[in-house]
There are 2 protein chains.
Amino acid sequence: MEFILTILGSGGAQPAQEKHPSAQILQVNNRFFLIDVGEGTQIQLLRYGFSHQKIDHIFISHLHGDHYLGLMGLLFSMHLSRRQADLHLYSPPGLDEIILLQLKHARSSLSYRICFHPVKAEENEVLFEDEEIRIESFPLDHRIPCSGFLFAEKNRQYRIIKEKLPTNILLQHIALLKQGKNVVDEQGRILFEASEYTRPPHHARSYAYCSDTAYNPKICSIIRHADLCYHEATFMESDIQKATETYHSTAKQAGRIAKEAAVKRLLIGHISARYKKPDELLIEAKSEFEFTELALEGNSFHVSRSS
Amino acid sequence: MEFILTILGSGGAQPAQEKHPSAQILQVNNRFFLIDVGEGTQIQLLRYGFSHQKIDHIFISHLHGDHYLGLMGLLFSMHLSRRQADLHLYSPPGLDEIILLQLKHARSSLSYRICFHPVKAEENEVLFEDEEIRIESFPLDHRIPCSGFLFAEKNRQYRIIKEKLPTNILLQHIALLKQGKNVVDEQGRILFEASEYTRPPHHARSYAYCSDTAYNPKICSIIRHADLCYHEATFMESDIQKATETYHSTAKQAGRIAKEAAVKRLLIGHISARYKKPDELLIEAKSEFEFTELALEGNSFHVSRSS
């Protein structure tokens, strides 16, 4: 049961050699969620061994080019591969219009359906939910409407200790144990005690993606205790004025958010190409929050279910 | 005085690992002409040491994604670099609308002016002309409006043999010699004979770019005797039916065009990702036209002025 984030690109808006703009893929068990799709994402997917056939959900934080310009090429490639399955696209309004205009001029209609889910950047919204996972958006503070995304596993069932279970136990009793409930008879006597026949559920893992944003401590309550948190760190604290002007964060501010939200691990990226030594931004973030790493292109971050 | 074509990408529509879609840059003396801008072109420019600051003219053959999806990212990067100079963009109509819509949603206005030159795909047109070069478009035969481009140096001046020239010769006499004309006095007597004081002009070089197209021998009269010719070769002759259906060419057909047009060198590219051995397409094209090479990514092709 995997929960793995892979960085496909984490460069700033201005491209640099061998640095791709924002794109990440989160594997949760058998699902692959694509988060932002900077230019070149489809080539990066190939490079790191991901098939676009497995992607059914794409999340775009905002409509600055370095976060979505790889989408159209990916959509065309899915079409050329004769995709049939619906594709769910979560984005601020406008991306639908951009896609339709480009399809019009290419005189193309796709082999599959795009289910477009407009994201309201000013609200918290549940974008997707099933038995395993809930995905929420939350407002960030950027020059244009911009959302972060929280991917949270749901609390799982208690785990049956099979070797202790009598062979003749009824299925409905197992179902009760999986909910952590004792099995009692009609007189209220305990037949099977949950604590004896089960182990506690696995830890429900979570990942918070905080795309382009000014320092915004309002997000802390939403991303609190996330196992893994990505936060942009475009500038160093010495350039805080530039950060404020452009609605971006400094590495120090990213660290402060991680500390205030008490996340377990922080990844920083979207570092401006002006900084030739990203380690300096890492040191700055670590001065606030020790468990910080660089979101380096090609790196994968595993979250264990025993976290 | 350089005339160098560099291939930034020559993959087919479906991306393959380490193969970028169509993009080329032609250097003619101090000018850099960008021809088609597939996704990832700005990264490829960086990789091969070209500065986008030097590009003032961009030519887009048609509005299929693999020929223009890298443009928007490049335009944004030029803006982030605070470009001031006008940018001339030659493309089928519609690309202007696509750019404006994306700028609108990014709430951005560029730091420079784009001069948009709509190209009529059904006509031959002179798109650009100065003392050194003339650039023409010509119709190709594709599923949507699509143009080829011919970059032709103009006939240059006769070259003065300086060591033979008397020191007291008048400037207007030099100007006549440079045109290959004898200098005569009022009585019609020859003062300086052009053939004695000059060498013939350098060869005027040319490059023909034949983007996506079905086999279309009508183009031969336009690209005749080009020093260098790129022609797409998406399929092998054994898949000619697919080529016909999709308005593409086979490698054999590309060779046939080169032979009929009597170009000097042929480059083939846009090879479908289905073929794992591009050399087989090269052999096929060579069976028609010996001087064929693969338009491999990162390769440069020099045209000498003594060609």
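Reader: Why is A:R82 called exposed?

Author: In this predicted model, A:R82 has a relative accessible area of 66%. The cut-off for exposed is over 50%, so A:R82 counts as exposed. The residue lies in the loop between α2 (71–80) and β5 (87–91) of chain A. Its phi is positive, about 60°, although A:R82 is not a glycine.

Reader: What makes B:Y247 partly exposed?

Author: The relative accessibility of B:Y247 is 33%. Buried requires under 20% and exposed over 50%, with partly exposed in between; B:Y247 is therefore partly exposed. B:Y247 is placed in the loop between α8 and α9 of chain B, and this residue, which is not a glycine, has a positive phi of about 60°.

Reader: How is B:K286 classified, and in which helix does it lie?

Author: B:K286 has 40% relative accessibility, so the term is partly exposed. The residue lies in helix α10 (residues 278–286) of chain B. Its C-alpha atom is separated by 9.3 Å from that of B:R256, which is 30 residues away along the chain.

Reader: Which residues of helix α9 of chain B are buried, and against what do they pack?

Author: In helix α9 (residues 251–261) of chain B, the buried residues are B:A251, B:Q253, B:A254, B:G255, B:I257, B:A258 and B:A261. They pack against α7 (220–223), β15 (228–232), α8 (240–245), β16 (265–269) and α10 of chain B. After α9(B) comes B:A262, with a positive phi near 50°.

Reader: Why is A:H52 called buried?

Author: A:H52 has a relative accessible area of 16%. Buried means under 20%, so the term applies to A:H52. A:H52 is found in the loop between α1 (41–47) and β4 (55–59) of chain A. Apart from residues up to four places away in sequence, A:H52 touches A:L45, A:L74, A:S77, A:M78, A:S81 and A:R83.

Reader: What makes B:M72 a buried residue, and what does it contact?

Author: At a relative accessible area of 5%, B:M72 falls under the 20% cut-off and is therefore buried. B:M72 lies in helix α3 (residues 71–80) of chain B. With neighbours within four places in sequence left aside, B:M72 is in contact with A:L69, B:I99, B:Q102 and B:L103. B:M72 and B:L103 are 31 residues apart in sequence, and their C-alpha atoms are 9.1 Å apart.

Reader: Which residues touch the most other members of the largest nonpolar core?

Author: That core has 62 residues, and A:I58, A:L95, B:I58 and B:L95 touch the most other members. With neighbours within four places in sequence set aside, B:L95 is in contact with B:I60, B:L63, B:Y68, B:L71, B:L89 and B:F116. There is a second, separate core of 31 residues, which includes A:I222, A:F235, A:L266 and A:I268.

Reader: How do you know how helix α3 of chain A and helix α4 of chain B are oriented to each other?

Author: Helix α3 (residues 95–106) of chain A and helix α4 (residues 95–106) of chain B pack at an angle of about 175°, and their axes are 10 Å apart. Angles over 145 degrees count as roughly antiparallel, and α3(A) and α4(B) are therefore roughly antiparallel to each other. On the α3(A) side the contact is made by A:E97, A:I98, A:L101, A:Q102, A:K104 and A:H105, and on the α4(B) side by B:E97, B:I98, B:L101, B:Q102, B:K104 and B:H105. The residues of this contact divide into four nonpolar, four polar and four charged.

Reader: What relates chain A to chain B, and why is it said that the copies meet through the same surface?

Author: Chain A is superposed on chain B by a rotation of 180° with 0.0 Å of shift along its axis, at an RMSD of 0.1 Å. That is the relation of a two-fold axis. A:G40 comes closest to the rotation axis among the residues of chain A, its C-alpha lying at 2.7 Å. As for the surface, 100% of the interface residues of chain A are also interface residues in chain B, so the copies meet through the same surface.

Reader: How many helices and strands does chain A have, and what part of it is buried?

Author: Chain A has nine helices and 18 strands. Of its 307 residues, 56% are buried.

Notes
Residues numbered from 1 in each chain as written. Chains lettered and ligands numbered in written order. Predicted model: local features only at pLDDT ≥ 70, side-chain atom pairs only at ≥ 80, totals over all residues. Heavy atoms only, no water. Least-squares fit on C-alpha atoms with pLDDT ≥ 70 in both. Contact = heavy atoms within 4.5 Å. Core = buried A, V, L, I, M, F, W, Y, C linked by side-chain atoms within 4.5 Å. Buried < 20%, exposed > 50% of the residue type's maximum accessible area, 1.4 Å probe, protein only. Axes fitted to C-alpha atoms, helices over the stretch in contact; angles between N-to-C directions. Helix = DSSP H or I, 4+ residues; strand = E, 2+ residues; numbered from the N terminus. Parallel < 35°, antiparallel > 145°, perpendicular 65-115°, else oblique. Nonpolar A, V, L, I, M, F, W, Y, C, P; charged D, E, K, R; others polar.
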